[in-house]
Amino acid sequence: MKGTKKMTNLFIIGNGFDLDHGLETSYNHFRQYLLSKYPDINMDMLTIPTEIPLPDGGVEYDDVEVLSMLFYLINNAEQNDEKWSNIERSLGYLDFSEAFNSYDDILNKEDDIAWWAIYNNEDIASQLVIPTSKIQRFFSEWVNTINLSPAKPKKDFIKLVNQGDKFLTFNYTETLELVYGINPDDVCHIHGMQYEEIFFGHGNSTTDYYDKYMANFTGSQGGVLKIFERLKKDTAKALEKNLCFFEKMENERIRNIYSYGFSFNKVDFIYFEEICKRIKTENIIWYFNDFDISNIGHYIQYLKNCGFKGNFNTFHIEE
């Protein structure tokens, strides 16, 4: 019929997609990269990086000392000394308590306040802000080293894709564009891409985190809260920066949605709410990669909470 819009598919692409194509893009690959580049990292104890004064009045920190601190904190948050599974989530649960004087220390034997201990906590907390934030620089540097040459197109995925289909990718790589020849205008890198600004961080609520330090480590709260905010992923900014992609969805006749290698984390909820606001989902089928069969029940509830009203099914990628 004249004037009828072409039906299109929407693909949600997560890191599992790149891993399935043989790319070294996991959080643990990031860990291995750091250990290879900085072999003197000491993760056995909490290191407080020493300030190095600069001629302009600023300060710098030694990378090995910074990474020694970060490895110790992240390993504890991951509860694993040998592997990182979800460093972004872990950044919302870093425990700096070993660096501070506790509330009991701040009260002396006569139950008077030891002001020196409070001031000491303030100094240490402020000294931790810049070095802790450097994890974002290290991550960005690693992202820029990811090599796409091992990736080869998968026939089963090619069969799913039609010209003009849209792609919301959470990956920093151009696997879709360079391996599959997808038009860059049809791809939204919601969290940025290699050699450009990227969005990286946690999605934890501030309440429990801040209250813990307020109650137990008086004087440290301001610096710790600043660290927490700096390490938070700015999903609102990412959405605003890419809003045109979501706005265009209103004019698409989306038939199916496929999610491939995506784990539906809480921090990304904002994007799926936006999708469900922009399009009528009642007649859409959401297809999950059957590799994630054990998690599909969780994914379905997640999407229903976002406002998705369609049906669900699975697809299979063999080769």
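Student: Why is Phe 264 called buried?

Tutor: This is a predicted model, so every value is computed from it. Phe 264 has 1% relative accessibility. Buried means under 20%. The value falls under the cut-off, so Phe 264 counts as buried.

Student: Where does Phe 264 sit, and what is its phi?

Tutor: Phe 264 lies in the loop between S6 and helix H14 (269–278). Its phi is positive, about 55°, although Phe 264 is not a glycine.

Student: Tyr 195 has a positive phi as well. Is Tyr 195 buried or exposed?

Tutor: Exposed. Its relative accessibility is 64%, and exposed means over 50%. Tyr 195 has its place in the loop between S5 and H10.

Student: What makes Gly 203 partly exposed?

Tutor: Gly 203 comes to 38% relative accessibility. Under 20% would be buried, over 50% exposed. The value lies in between, so Gly 203 counts as partly exposed. Gly 203 is in the loop between strand S5 (187–189) and helix H10 (206–216). Its C-alpha atom is 9.9 Å from that of Glu 229, and the two residues are 26 apart along the chain.

Student: Now the rings. Why is the pair of Phe 139 and Trp 142 called tilted?

Tutor: First, the structure holds 38 aromatic pairs. In this one, the ring centres are 5.4 Å apart and the planes stand at 55°. Centres within 6.5 Å make a pair. Planes under 30 degrees apart would be stacked, and over 60 edge-to-face.

Student: Where are Phe 139 and Trp 142 in the fold?

Tutor: Both lie in helix H7, three residues apart, about one turn of the helix.

Student: How do you know that Phe 139 and Trp 142 are buried?

Tutor: Set each value against the cut-off of 20%. Phe 139 is at 2% relative accessibility, so it counts as buried. Trp 142 is at 4%, so it counts as buried too.

Student: What makes the pair of Tyr 258 and Tyr 287 stacked?

Tutor: Their ring centres are 4.9 Å apart and their planes are at 15°. Stacked needs an angle under 30 degrees. The angle meets that, so the pair of Tyr 258 and Tyr 287 is stacked. This pair links distant parts of the chain. Tyr 258 is in strand S6 and Tyr 287 in strand S7 (residues 285–289), 29 residues apart. Both Tyr 258 and Tyr 287 are buried.

Student: Which residues belong with Phe 264 in one aromatic cluster?

Tutor: The cluster includes Phe 170, Phe 262, Phe 269, Trp 286, Tyr 299 and Phe 312.

Student: What makes a group of residues a nonpolar core?

Tutor: Its members are buried residues of nonpolar kinds, joined through side-chain atoms within 4.5 Å. The largest such core here has 59 residues. Among those with the most contacts inside it are Phe 30, Ile 135 and Phe 167. Helix H3 (residues 63–78) gives the largest share, eight residues. Another core, of 30 residues, lies apart from it and includes Phe 199 and Trp 286.

Student: Which residues does Phe 30 touch, its neighbours within four places in sequence aside?

Tutor: Phe 30 is in contact with Trp 84, Ile 87, Ile 135, Phe 138, Phe 139 and Trp 142. Phe 30 is also one of the buried residues in H2, along with Asn 28, Arg 31, Tyr 33 and Leu 34. The buried residues of H2 pack against H3, H4 and H7.

Student: Last, the largest pocket. What lines it?

Tutor: The lining has 48 residues. Asn 15, Tyr 27, Asn 86, Ser 263 and Asn 265 lie nearest the centre of the pocket. Its volume is about 1200 Å³. H1 gives the most to the lining, with five residues.

Student: How does that lining divide by class?

Tutor: The lining of the largest pocket has 15 nonpolar, 23 polar and ten charged residues.

How values were computed:
Residues numbered from 1 in each chain as written. Predicted model: local features only at pLDDT ≥ 70, side-chain atom pairs only at ≥ 80, totals over all residues. Heavy atoms only, no water. Buried < 20%, exposed > 50% of the residue type's maximum accessible area, 1.4 Å probe, protein only. Helix = DSSP H or I, 4+ residues; strand = E, 2+ residues; numbered from the N terminus. Contact = heavy atoms within 4.5 Å. 1 Å grid on protein atoms, 1.4 Å probe; cavity = no way out; pocket = protein on both sides within 12 Å on 5 of 7 lines; lining within 4 Å. Points joined across faces, edges and corners; volume = space filled by probe spheres on them. Nonpolar A, V, L, I, M, F, W, Y, C, P; charged D, E, K, R; others polar. Phe/Tyr/Trp six-rings, centres within 6.5 Å; stacked < 30°, edge-to-face > 60°.
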